[in-house]
Structure formats: C-alpha cells, structure tokens
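Let's take a walk through this structure together. Have the sequence and the 3D view open as you read.

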Amino acid sequence: MSAGIGMVPGARARSGDTAGAWARRNVWTLGLIGLLLAFLALTKVIQPNYGAPGIQGLAISILPIAFAAVAQAIVVISGGIDLSVGSMMALASVTSAVLMKDQGDVIGVAVVVGVLLLGATVGAINGGLVVATKVPDIVVTLAMSFVWAGTALLILNTPGGGAAPWLMAIISGPLGSPWLPKALIVLAVVVAVVWLPLRRSTMGLALYAVGSSRLAAFRSGIAVGRTKIIAYALTGFFSAMGGLALTASGGVGAPVPGSYTLQSVAAIVLGGVSLAGGRGGVLGPIIAVIVLALVRIDLTFLGVDPNLSTAIQGVILIGVVMFGSLVAMRKVRA
Amino acid sequence: MTRTAGTARSADAPRSPLLSGSAWRRIIRDRPLIPLVILLVVLVAVLELAKPGIVNGNWAATTMRTAIPLAILAACQTLAMLTGGIDLSVGAVASMAAFLMATQATGQGAVVAIAIALVACAFAGVVNGVAIGVFKVHPLIMTLGMSLVVLGLMSVYQLAMVQSGTLVPDPIQWLGSGISFGFVPNSLVVFVPIAILIVIGLRRSGYGRLLFAVGDNPIAARLSGTRVWQVLVALYVMSAILAAIAGILIAGLLNTATVSLVEQSVLPSVAAAVIGGTSIIGGRGGYAGTIVGALILTVLTTLLTVLEMPEAVRQVLFGAIIVAVAAAYTRVTGES
C-alpha cells in the first residue's frame with residue numbers, strides 16, 4: 001500500500017517491492033504489450049509471409065498517428081483535450097512541404113526546426129485561449145480546429161509542395177537489422193528526448209497534478225495557467241511532428257486534416273489515458289496505435305471488407321472503454 | 001482592483017439611463033436571446049449592404065430551409081450538452097437514416113422505408129444511451145465509437161445494395177426542399193412542432209427539468225431519487241431520432257443520399273448550440289438560443305459566400321467567431 005501510491009516514480013527505490021508496484025501501476029500498458037505480441041503472432045499465423053518488409057510498412061504508416069496520439073495524451077493528462085490535433089498536423093504538413101520544395105539540405109533542416117516551433121506556438125495559442133477565456137477546452141479546440149484547418153488551406157489549396165529527400169530517407173527502410181524500421185527509431189528517439197526528461201522534471205509532475213485536480217495543484221503553488229499552456233504547446237509540437245511525418249511519408253503536403261484527431265482520442269483511451277486527466281503515459285497510446293493498425297492489417301489479410309473493419313475498430317474502442325469503466329466501478333465498490 | 005470597479009459599476013447600473021456594461025451583462029446572462037437576435041439582424045443587414053436586394057422572401061425561405069436540418073441536429077447537441085454530454089454520432093446516424101430511407105424506398109415504398117430508418121437510428125440511440133448511462137462510458141468516446149460503427153456498417157450495406165440504387169421519394173423532396181407561397185419552406189411543417197415540443201418541454205415538463213438537474217449536479221440528481229441512467233437512455237434515443245429526421249430532411253433538400261451525407265454538419269451543430277448559449281459543461285442553456293445560433297451560422301455562411309471569401313478564410317472566421325461568442329458567454333455567466 002505504502003509503496004508506489006502517490007509517489008514520484010523512483011523516489012524510494014527498493015528492488016522487488018518496487019518492481020511489483022511498477023507492474024501494478026502499469027498493468028494496462030503491460031496488458032497492451034501482451035495484446036500487441038498476440039496480434040503479431042496472429043498476423044504471422046494468418047499470413048506466414050508477413051515479415052520484416054511488413055513491419056517496415058507498418059512503422060511508416062503508423063508514424064503520423066503515433067505522434068498524434070502522443071500529442072493528445074499529453075494534453076489529456078494535463079486535464080484538457082485538443083480537437084485541433086488533426087488541423088495542426090495539416091498546417092505543419094503544408095508549411096513544411098511548401099517551404100522545403102526544391103531546397104537544399106541546410107534550408108530543409110531549418111524548415112523542420114521552424115515547423116516544430118510553429119507547432120509549439122500554435123499549440124500555445126490554443127492553450128492561451130483556453131486559459132484566458134475560461135471556455136471549456138473542447139469548445140476552444142473545436143473552434144480552433146476550423147482556424148488551423150483554414151490556415152492550412154490558405155497556404156496550400158491542394159496536396160502539393162515537396163519533401164526533402166533526407167527527410168523521406170530518415171523514416172523509410174531499416175537501420176541495422178531489417179526488423180528494426182527507422183520510423184520506429186525516430187518515434188522512440190523523439191519521445192525519449194522530449195517527453196521522458198520532462199516527465200521526470202517538476203514540470204512533468206505539475207502536468208499530472210493539474211490533470212488530477214486543478215484546485216489541489218493551485219493550492220500546492222503550481223502555476224495552473226502556465227502549466228496548461230505548456231501542455232498545449234507540447235501537443236502542438238508533437239502534432240507538428242505528426243505533420244512532418246505526413247509530409248515525409250507521402251512526399252507532399254496534405255492540406256485536409258484526415259481523421260487523425262478522432263483516431264488520436266481513440267488511441268489514448270485504448271492506451272490507458274483517463275479522459276478525466278492525471279492518469280496514463282505516452283507508451284500505452286503508441287502501443288494502442290500499433291495494435292489498431294495490426295487489427296486492420298489482419299482483417300485485410302482475412303479478406304474482410306475494409307469498411308467492416310472500421311466498424312470493428314469502433315466496437316473494439318467501445319468494448320475496451322466499457323471494460324475499463326466496469327473495472328473502475330468494481331474497484332470503487334470493493 | 002478590477003473586481004471592486006466591477007461591483008461599483010453594477011451598483012450604479014439601475015440608475016444609469018443608458019445601458020451600461022453590467023446591464024448588458026445581465027441581459028446576456030438572463031435573456032441571451034436578445035443579443036443573439038441583434039447579432040442575427042446585424043448579419044442580415046451587412047448581407048443586404050454587401051449585395052443590395054438579396055434579402056427578400058425567397059432568400060428567407062432558402063435560408064430557413066438550410067438552417068432547419070442544422071437546427072434539428074443542434075437540438076441533439078443542446079439536449080446532450082444540458083446533461084454534460086455531447087453526441088458526435090449525429091452525423092453518422094443522420095446519414096444512415098437518409099441512406100436507409102433512400103435505398104429501401106426503391107422496393108418498399110416511402111412509409112416503410114422511413115420506418116426502417118427511424119427504427120435503425122433509435123436502436124443506435126439505445127446502444128449509446130445504455131453505454132453512457134449504465135456503463136458510464138464517456139459520451140464523447142461512446143458517440144465517436146458509435147459513428148465509426150455506423151459508418152462502417154453502412155459502407156458494407158452500401159456495397160450490398162449497389163444494384164438497388166437510391167431514390168428520394170417525392171414527398172420527402174417536397175418536405176426538404178419545397179417552398180410554399182414564395183417564402184415558407186415546407187420543412188417548417190416538421191420543424192415547428194419539434195421546436196415547440198423541445199422549447200416548452202425543457203422549461204415545463206418534469207423530464208426537461210431532469211435534464212438540467214443531471215447536468216447541473218449528477219450526484220445531487222441521483223441522491224434526490226432520479227434514475228440518471230433512464231434519463232440518459234431516453235435522451236440519446238431522442239437525439240438519434242431527431243438526427244434521423246434531420247438526415248431525411250437533408251436527403252430531401254439535396255435530393256441525394258450517401259453514407260456520409262451529414263458528416264460535415266457535426267461540428268457546426270455543436271457550434272450552433274454553443275453560440276445559442278448552451279454550456280457544454282451542462283445545466284445551462286435552452287433550445288430557442290440554439291435555433292437562432294443555427295440561423296446565425298447559416299446567414300454567416302451566405303455572407304462569406306457573397307463576399308467571395310475563399311473557403312479557407314470562411315473556416316478561419318467561423319472558428320474565431322465561435323471562440324469569441326463562447327468567451328463572451330463565459331465572461332458574463334462567470335462560469336469557469
């Protein structure tokens with residue numbers, strides 16, 4: 001009981017006991033990893049040819065959604081929700097594609113950095129509006145999704161522009177072993193460099209605190225408004241990563257936001273992030289994205305109508321959430 | 001400092017002959033319809049200035065004809081938002097109603113086709129309501145998942161029905177797109193009873209009060225004997241049936257039916273309810289404001305089209321206006 005509840009991760013490291021506590025805390029993520037392995041095995045059974053090339057294709061195709069899920073996870077952990085993730089991705093994608101077309105490597109790198117800064121700024125604007133107007137997050141970001149999508153359309157009316165060759169090379173193909181796609185490494189490195197140090201910092205603790213209880217966080221001396229704005233800025237940053245991934249994987253800028261916003265919300269819920277805030281991480285949502293993609297691949301291999309697989313994904317989403325809330329209700333009663 | 005200034009002004013307000021800031025504030029808080037109607041009139045005036053002669057009986061009829069389905073979809077959001085929920089499945093459900101009706105009408109006749117559409121939508125509503133009310137699934141997630149399920153199933157159904165083709169029956173076309181006497185859209189026949197029922201039902205009926213009670217404080221509602229889950233199941237069934245009616249009207253208006261016919265109206269329906277003064281947190285709002293909100297959005301779209309704004313600018317302005325109106329409401333009602 002005393003170990004691991006309400007504690008800073010790793011604050012009182014005792015082997016054995018803490019391992020158990022860690023497993024208890026991350027039971028949802030561990031379950032998802034099990035599910036992922038089960039689906040990988042199932043895919044191999046259904047399609048014995050499925051191997052390294054399949055994994056590489058999978059990694060590239062999930063990259064934009066995975067970044068969108070990380071973006072959504074951060075803002076939901078801090079107690080908000082961002083329905084403009086898809087629009088911000090479109091904005092980042094067209095901006096990078098327009099600026100990068102037929103340019104050298106140096107300018108290309110500058111564009112990538114610039115677009116990431118743009119994403120963080122755009123996200124901070126979302127957060128600033130939420131804090132300043134006190135309008136519920138869902139309304140502000142819903143409205144801002146129109147604004148960012150419109151801006152993306154102003155920049156580029158139809159898919160166009162171009163991606164720098166190195167940007168496309170950075171996510172395609174394997175690194176070392178053919179089983180290790182570069183896209184997965186990019187995802188892991190970006191998340192490890194940006195999110196992990198942050199989560200361990202005071203700022204990360206503040207994010208979780210604000211998400212758990214704004215009032216308690218405020219009374220503990222956390223600058224709630226600033227924390228929310230930073231959370232939204234991070235969401236903008238990762239959305240911009242998703243937009244860059246879209247440009248890199250498609251080779252052109254995509255001005256019309258796909259269903260990334262809704263997919264990101266689905267992924268974080270499956271990934272064990274509570275919509276009420278303060279609970280969850282970014283690993284669960286990333287694994288959930290991969291599992292959902294595998295479900296789609298398996299259904300295609302089985303010859304199921306791709307339309308029906310949309311319905312099946314909806315059923316999985318609802319089923320998992322119902323299961324989760326049933327477990328939660330049991331706990332409350334016990 | 002600013003707080004003191006605010007109270008001082010509100011004490012002076014009744015004596016001031018002109019409407020001071022706080023008097024406006026009270027009007028917006030207690031009678032949100034007045035500023036909304038003023039905004040609508042201003043928009044119409046700007047439209048007339050931008051293109052003299054455009055505002056006439058026929059214009060009013062076509063505007064209402066477009067606004068009515070949106071207002072019905074926004075009714076779904078208004079009712080759901082009063083309880084603190086939201087119904088993002090209205091687009092998929094309304095499209096399902098339109099498509100089922102249009103495909104079944106070729107073989108079964110209009111009446112049976114409409115009945116099939118309504119029953120299918122009501123079933124979707126029951127599933128939504130049970131999951132949200134009994135299993136406590138977050139409404140956003142549940143209705144989102146439901147729209148995926150409905151869209152997927154309808155796409156499969158579309159492939160199965162590819163030979164039968166679609167047919168929007170003549171009475172539905174008359175209802176959705178017809179205009180009588182030059183200025184009365186026929187869809188008012190459907191809309192007026194619905195609007196009266198919802199506006200009066202929310203204020204006067206016990207069920208209407210329960211919706212407010214559940215949204216205001218679900219625990220208090222439960223402790224005072226409300227069976228919250230029954231309220232929610234009834235709510236989402238009603239929402240699905242309203243969405244079905246809107247979908248059938250849109251099919252009549254456009255004389256077409258596809259599986260994603262109404263999808264692009266989902267976000268505007270939420271916007272109409274928000275502009276109309278219904279709080280997404282629950283417990284505050286009403287349908288009269290939503291109707292004006294739907295009219296405002298429709299007139300605004302016309303205005304931006306007349307001004308030859310590109311679609312992109314229209315979207316940006318659309319978003320900016322929603323944030324501005326919502327911020328104004330939050331300021332005057334003092335909700336956080």
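At 0% relative accessibility, B:Cys121 counts as buried (buried means under 20% relative accessible area, exposed over 50%, and partly exposed in between, with a 1.4 Å probe and protein chains only). B:Cys76 is also at 0% relative accessibility, so B:Cys76 counts as buried too.

Over all chains, the structure holds zero disulfides (a disulfide is a pair of cysteine sulfur atoms within 2.5 Å).

## Where this comes from

This is a predicted model, in which local features need pLDDT of at least 70 and side-chain atom pairs count only at pLDDT 80 or more, while totals for chains, interfaces and linings use all residues. Residues are numbered from 1 along each chain as its sequence is written, chains are lettered from A and ligands numbered from 1 in the order in which they are written, and side-chain values use heavy atoms, with hydrogens and water left out.

## Where the chains meet

Now for the interface. On one side are 40 residues of chain B, in contact with 38 residues of chain A (contact means heavy atoms within 4.5 Å). About 3200 Å² is buried between chain B and chain A, and carbon and sulfur atoms give 88% of that. Buried area here is the accessible area (1.4 Å probe) that two parts lose on being put together, summed over both. In chain B, the residues that lose the most area to chain A are B:Phe135, B:Ile141 and B:Val323, together 17% of what that side buries.

How many salt bridges cross between chain B and chain A? The rule finds zero, where a salt bridge is a side-chain nitrogen of Lys or Arg within 4 Å of a carboxyl oxygen of Asp or Glu.

## A valine in chain A

A:Val210 sits in helix H9 (residues 202-212) of chain A; helices (H or I, at least four residues) and strands (E, at least two) are DSSP runs, numbered from the N terminus. Is A:Val210 buried or exposed? A:Val210 counts as buried because its relative accessibility is 1%.

Leaving aside neighbours within four places in sequence, A:Val210 is in contact with several residues, among them A:Ser78, A:Ile222 and A:Lys228. A:Gly277 is 67 residues away along the chain, yet its C-alpha atom is 8.2 Å from that of A:Val210.
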